[in-house]
Amino acid sequence: MGKFITVLYDLDGTLWESGPGITKAVQTALRACGIDEPDPDNLTSFIGPPLNVEFKRRYHFDDEETAKAIAVFRSYYDEKGIYENRLYPGVKKMLKDLKEAGICIGAASSKPQPLVDRLMDYFEIRQYFDVLVGSDPQDELKNRSGSDSKSAIVATALAKAGNPDRKHTAMVGDRFYDMEGAAANGCVPVGAGYGYAKEGELAAAGAVFTAKDVPELENFLLS
């Protein structure tokens with residue numbers, strides 16, 4: 001057995017490359033609100049955090065505008081965008097190897113729970129997970145910050161995993177709020193440096209290790 005007995009994963013930007021579907025959905029939502037953003041690279045900050053937090057942060061939307069933007073986003077993403085992504089190379093092997101090593105594997109994602117379930121089946125990786133925790137769709141307009149939301153989701157995943165030894169539990173993610181959510185729950189913050197974080201973001205947020213790709217992440221988790 002390696003150093004970790006439990007590994008929790010963020011999903012977008014950590015297990016799969018979700019940028020194209022999310023940024024197209026954001027572009028569609030912004031157009032409905034009278035904003036044209038032709039460059040999807042300007043919208044990668046939407047990958048991971050709660051939508052209401054990011055629409056308000058980036059575009060200073062009020063509650064009514066935020067609700068409209070999220071509704072349009074969902075109409076595109078839930079039907080098309082959810083499938084416009086791919087697993088990172090090596091993910092299935094990593095999950096299989098961790099499972100065979102006896103490690104408890106969980107998902108702790110800000111993505112709404114119904115979409116977490118759909119994507120687990122779409123990518124055929126559900127069998128590797130002991131715990132699957134997404135956000136409550138009813139709370140999508142209530143989030144106050146990405147870090148607060150992630151901290152609560154990690155706490156829920158830990159409870160469902162039987163509250164394992166936090167010092168031997170890794171929380172793997174590609175953005176700063178994943179690292180902060182891990183630290184807030186006493187877990188080991190591990191960075192997916194191949195995801196959507198800016199250079200230096202994960203280390204600054206407390207990542208004890210940042211992997212350049214999935215094979216390097218697997219080696220660390222099983223070391």
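The radius of gyration is taken over C-alpha atoms, and the globule rule is 2.2 Å times the number of residues to the power 0.38.

**View 1. Overall size of the predicted model.** With 223 residues, a compact globule would have a radius of gyration near 17 Å; the protein has 17 Å, so the two agree. Along its principal axes, the C-alpha trace spans about 55 × 30 × 30 Å. This is a predicted model: local features need pLDDT of at least 70, side-chain atom pairs count only at pLDDT 80 or more, and totals for chains, interfaces and linings use all residues. Residues are numbered from 1 along each chain as its sequence is written, and side-chain values use heavy atoms, with hydrogens and water left out.

View 2. The protein has nine helices and eight strands. Helices (H or I, at least four residues) and strands (E, at least two) are DSSP runs, numbered from the N terminus. A contact means heavy atoms within 4.5 Å. Among contacts between residues at least 6 apart in sequence, 67% join residues at least 24 apart.

**View 3. Surface and burial.** Of the 223 residues, 54% count as buried. Buried means under 20% relative accessible area, exposed over 50%, and partly exposed in between (1.4 Å probe, protein chains only). The protein exposes about 9,600 Å², by the Shrake-Rupley method with a 1.4 Å probe. Carbon and sulfur atoms supply 51% of that area.

**View 4. His 60, in a loop between two helices.** The loop runs between helix H2 (51–59) and helix H3 (63–77). His 60 has a positive phi of about 55°, although it is not a glycine. Most residues other than glycine have a negative phi. His 60 is exposed, because its relative accessible area is 67%.

View 5. Glu 124 has a positive phi of about 60° and is not a glycine. Glu 124 counts as exposed, because its relative accessibility is 54%.

**View 6. Cysteines without a disulfide.** A disulfide is a covalent bond between the sulfur atoms of two cysteines. Here the test is a pair of cysteine sulfur atoms within 2.5 Å. A search of the whole structure finds zero disulfides. The sulfur of Cys 104 is 12 Å from the closest cysteine sulfur, in Cys 187, so the pair is too far apart for a bond. Cys 104 counts as buried, at 19% relative accessibility. Cys 33 counts as partly exposed, at 24%.
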